[in-house]
Amino acid sequence: MSRRKVAILISGGGSNMLALARDMADPGHPAEVCLVLSNRPDAGGLARAAEMGIPTAVVDHRSYPDRASFEAAMMAPLRESGAELLCLAGFMRVLTPGFIEAWAGRMLNIHPSILPLFPGLHTHARCLAAGMAVHGCTVHEVTPDLDSGPILGQAVVPVEAGDTPDALAARVLPMEHRLYPPVLRRFVAGERAPLALLA
Ligand code: GAR
């Protein structure tokens, strides 16, 4: 059976992209990476992807007057790559409903909180401010409402005394790397029941 082609969209260091790409390096994986696309030319993940022999592309959002034209520009390399699924992995641009509709049911995101708590930015600081005992991350399908699509998997970590946002982020990130790859495998296999991962 042919493997499904996955494009990974990043804006930064790309540690989640690497976790996904390393998992898909397994020839028995039901999907393969066809492209790593960044909206930032300086994203550290671009070099890391290239080192793995993965094609990369940059579509710099600052070169376009609005979101729609930026997204139209992203469609060209995505189409050329043959991408059937998109994984957002630290991709920090809000997407328009038009783009999301074009990829409906074929786009996943990882978010650093236990959704529906703390959608949007600064999740670790907001978790601490709320006095939470636990924190974590969520992989979900992308729908037009920000960070609100069907939940495909969640991982939970404890909040510890004296935690700073950075300390909490450093505890969550390895769980992101453990969560996203199996969730993608399950998704490609048609599994939609959410996966739970406890630290
Ligand atoms: C990750 O923590 C990811 O959950 C978060 O950005 C980080 C990217 O790290 N994503 C968001 O905040 C999306 N709104 P990475 O580039 O090393 O994968």
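The buried residues of helix α1 pack against β1, β2, α2, β4, β5 and α6; here buried means under 20% relative accessible area, exposed over 50%, and partly exposed in between, with a 1.4 Å probe and protein chains only. This is a predicted model, in which local features need pLDDT of at least 70 and side-chain atom pairs count only at pLDDT 80 or more, while totals for chains, interfaces and linings use all residues. Residues are numbered from 1 along each chain as its sequence is written, and side-chain values use heavy atoms, with hydrogens and water left out. Helices (H or I, at least four residues) and strands (E, at least two) are DSSP runs, numbered from the N terminus.

Helix α1 is mostly covered, since seven of its 10 residues are buried. The buried residues in α1 are N16, M17, L18, A19, L20, A21 and M24.

## The sheet

The open sheet has eight strands in the order β3-β2-β1-β4-β5-β6-β7-β8, with mixed pairing, where two strands pair if DSSP finds at least two bridges between them. Strands β3 (56-58) and β8 (195-198) stand at the edges with a single partner strand each, so one side of each is left without a neighbour in the sheet. From one strand to the next, the twist averages 20°; axes are lines fitted to C-alpha atoms, for helices over the stretch in contact, and angles run from 0 to 180 degrees between N-to-C directions. Helix α2 (residues 44-51) packs on the sheet, where α2 touches β1 (4-10), β2 and β3, and the direction of α2 makes about 155° with that of β3. Contact means heavy atoms within 4.5 Å.

| Strands | Bridges and sense | Opposite residues |
|---|---|---|
| β1 and β4 | four bridges, parallel | L9 and L88 |
| β4 and β5 | three bridges, parallel | C87 and L108 |

In a regular strand the side chains alternate between the two faces of the sheet. In strand β4 (residues 85-88), L85 and C87 point one way and L86 and L88 the other way, and all are buried.

Residue S38 lies in strand β2 and counts as buried at 0% relative accessibility. Not counting residues up to four places away in sequence, S38 touches I10, S11, A43, L46, A57, V58 and V59. The C-alpha atoms of S38 and A133, which are 95 residues apart along the chain, are separated by 34 Å.

## The largest pocket and the annotated residues

The largest pocket has a volume of about 770 Å³. On a 1 Å grid over the protein atoms alone, a pocket is an open set of points where a 1.4 Å probe fits, with protein on both sides within 12 Å along at least five of seven lines, and lining residues have an atom within 4 Å of a point. Grid points are joined across faces, edges and corners, and a volume is the space filled by probe spheres set on the points. The pocket is lined by 34 residues, of which G90, F91, M92, I110 and H111 lie nearest its centre. At least two residues of the lining are supplied by each of α1, β5 (107-111), α5 (123-129) and α6 (165-188).

An unreviewed UniProt entry places the feature "binding site" at G14, S15 and N16, and the lining of the largest pocket includes G14, S15 and N16. Such annotations may be inferred rather than shown by experiment; UniProt positions are given in the numbering used here, and feature names are shortened. Residue G14 sits in the loop between β1 and α1 (15-24), is buried with a relative accessible area of 8%, and touches G45 and R48, not counting residues up to four places away in sequence.

The unreviewed UniProt annotation "active site" covers H111. This residue, H111, is found in strand β5 and counts as buried at 4% relative accessibility. Its contacts, not counting residues up to four places away in sequence, are F118, P119, G120, T123, C137, T138, H140 and D147.
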